[in-house]
Amino acid sequence: MKNFTIVSSLIFVLLFCGMVGYVALSEDFVLPEKEEKTVVEENMDAPVWNKTMDEVVAYLEKEGLISTDDRVTLCADGLCSLALKYNGAEIYWWDLEKIDPKSDEYKAYDSLRTKGEIDLYGSGMIIMPKKNGPFALLSTYYEGDPEILEKAFEEFGQEN
């Protein structure tokens, strides 16, 4: 029994020394660098700034991408001025002329404009909708091809 105690104690000491040596020789942890998102400057003279939510919806319906028979009005308080859902695609609109710069709606718009993301109601749930003027499109649950929808949305109101 005495031999077993001596051998097992030596094994534990060697393991401990090995772990200490490994930690001492390992590289120190370095935090990864955050990527800076580049904010694309928008054309403030583009016609999209003078468009309404009805015009966006009509355009997307004319393109055959959504059906207005499937309209759902979403809660917009604290997020935007108006939020609608068609075929799983969520469309947001901010009335920048009437919105208070200190409101949660404006903070959400400014976050989307500067960071490209919105923290839903400060809950930590981040969404990254596509922005076009005072509108945004979230195609996460869209029932069709989201790439085609996003491309059409980004082209809306950009003609000069």
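The report below takes these topics in turn.

## Basis of the model

This is a predicted model, where local features need pLDDT of at least 70, side-chain atom pairs count only at pLDDT 80 or more, and totals for chains, interfaces and linings use all residues. Residues are numbered from 1 along each chain as its sequence is written, and side-chain values use heavy atoms, with hydrogens and water left out.

## Cysteines

A disulfide is a covalent bond between the sulfur atoms of two cysteines. The rule used here asks for a pair of cysteine sulfur atoms within 2.5 Å. By that rule, the count is zero disulfides.

Cysteine 75 is exposed, at 53%. Cysteine 80 is buried, at 3%.

## Salt bridges

Side chains of opposite charge can pair when their charged atoms come close. A salt bridge here needs a side-chain nitrogen of Lys or Arg within 4 Å of a carboxyl oxygen of Asp or Glu. The count is two salt bridges.

One joins aspartate 110 and arginine 113, with an N to O distance of 2.4 Å. Both residues sit in helix α3 (residues 104–115), three residues apart, so about one helical turn separates them. Helices are DSSP runs (H or I, at least four residues), numbered from the N terminus. Aspartate 110 is partly exposed, with a relative accessible area of 24%. Arginine 113 is partly exposed too, at 36%.

Lysine 151 and glutamate 155 form a salt bridge at 2.6 Å, N to O. They are four residues apart in helix α4 (residues 146–155), so about one helical turn lies between them. Glutamate 155 is partly exposed, at 40%.

## Nonpolar surface

Which residues make the nonpolar surface patch of about 410 Å²? Val7, Ile11, Phe12 and Leu15 do. Patch residues have over 30% relative accessible area and no salt bridge; nonpolar side chains (Val, Leu, Ile, Met, Phe, Trp, Tyr) are joined within 5 Å, like charges within 9 Å. Accessible areas come from the Shrake-Rupley method with a 1.4 Å probe, and for residues only the protein chains shown count as cover.

Valine 7 lies in helix α1 (residues 2–25). Valine 7 is partly exposed, with a relative accessible area of 47%.

Methods: Buried < 20%, exposed > 50% of the residue type's maximum accessible area, 1.4 Å probe, protein only. Helix = DSSP H or I, 4+ residues; strand = E, 2+ residues; numbered from the N terminus.
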